Amino acid sequence: MTPLAPTGESQLSPAASAFGISAIVTILFSTLLAIAQDISPVVHKVLEHLAGHHWTAHGLLDVVLFYLLGMVLWRGGVRRDGMQLAVALSLAATAGGGALALWFLSM
Amino acid sequence: MNEIVLFAHPTFGVLATLAALWVFVEALNATDGNRRRSHHAARAGAVLMVFAWVLGGYWYLRWFPAEKALIMRGPWPFAHDFFMETKEHLFFVPLILALYLPIVTAGHMAANRGTRAMALVVSGFIVLNGLAVEGAGAIVNHGAKLALTPSSGG
């Protein structure tokens, strides 16, 4: 493995920063929504009403949130350090996957 | 036709996972020379993951209810209760990451260590989640198979 250039820039582009933050928020939102629709029949019904099936609505909401929030943050010109955002994304992906596995294991 | 959809959705999932692995390896060896290739692989991965989503979704909505009933009557109900339930929601993590990866690889991985680190993390998690989802799919499939096997007690 070629070592990461120690003196290279580490700021992500505005697009990568904005959509990186959006990906973190979307992953956490998706995890919470999966658990919420299991806990609450109301949430389940609302999702079914939105797209005919809870899973379809869940996926569409995730994708819409990812692009919408990313666009808003991008227009706002947000920029973040890539190393820090990569750590945050790792934590979100690990927490999301872990929470889902634990939740369905406990059901 | 339904068999084609059944086998196509994990196939696209595997191809999307391989595209992410490709990006991971390119990111490990990021140079000016492989910049475009990495970006093409990331874009291909995003398209393949969307195909896996649409085809898997079609299968899940159209055919899985009958398979679920079969699994629940068989000796491995956990194939649905744990593996399918986790898989169907966990899938959205690699989907979002696959949509994000081409935005990262549009940057300059060889010159920007933040971009490179992000590409490694995103592609790495797509691979890990992709393998987990594929493995869960195999267990779901085996749950249905056992339910149809008389000697299994299903």
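Which residues line the largest cavity? In this predicted model, where local features need pLDDT of at least 70, side-chain atom pairs count only at pLDDT 80 or more, and totals for chains, interfaces and linings use all residues, the answer can be read off chain by chain, with side-chain values based on heavy atoms and with hydrogens and water left out. Residues are numbered from 1 along each chain as its sequence is written, while chains are lettered from A and ligands numbered from 1 in the order in which they are written.

## The cavity

The residues that line the largest cavity are B:Ala16, B:Ala19, B:Ala20, B:Val23, B:Ala41, B:Ala42, B:Gly45, B:Ala46, B:Ala98, B:Leu101 and B:Ile126. The elements that contribute two or more residues to this lining are α1, α2 and α5 (92–105) of chain B, where helices (H or I, at least four residues) and strands (E, at least two) are DSSP runs numbered from the N terminus. By class, the lining has 10 nonpolar residues, one polar residue and no charged residues; here Ala, Val, Leu, Ile, Met, Phe, Trp, Tyr, Cys and Pro count as nonpolar, Asp, Glu, Lys and Arg as charged, and the others, Gly among them, as polar.

On a 1 Å grid over the protein atoms alone, a cavity is a set of points where a 1.4 Å probe fits but cannot get out, whereas a pocket is an open set with protein on both sides within 12 Å along at least five of seven lines, and lining residues have an atom within 4 Å of a point. The largest cavity holds about 40 Å³ of space, a volume being the space filled by probe spheres set on grid points that are joined across faces, edges and corners. One cavity of 30 Å³ or more is found in the whole structure.

The largest pocket has a volume of about 720 Å³, and among its 34 lining residues B:Leu6, B:His9, B:Pro10, B:Lys87 and B:Gly137 lie nearest its centre. In chain B, α1 (2–28), α2 (35–62), α3 (64–73), α4 (78–90) and α6 (113–147) each supply at least two lining residues, with the largest share, nine residues, coming from α6(B). The lining divides into 21 nonpolar, eight polar and five charged residues.

The second largest pocket, with a volume of about 290 Å³, is lined by 17 residues, of which A:His54, B:Tyr60, B:Lys68, B:His80 and B:Glu85 lie nearest its centre. Two or more residues of this lining come from each of α1 (14–39) of chain A and α2, α3 and α4 of chain B, and α4(B) gives the largest share, five residues.

## Salt bridges

Over all chains there are two salt bridges, each defined as a side-chain nitrogen of Lys or Arg within 4 Å of a carboxyl oxygen of Asp or Glu. In one of them, B:Glu26 pairs with B:Arg37, the closest N and O atoms being 2.6 Å apart. B:Glu26 lies in helix α1 of chain B and B:Arg37 in helix α2 of chain B, so the pair ties together parts that are 11 residues apart in sequence. B:Glu26 is buried, at a relative accessible area of 7%, whereas B:Arg37 is partly exposed at 44%; buried means under 20% relative accessible area, exposed over 50%, and partly exposed in between (1.4 Å probe, protein chains only).
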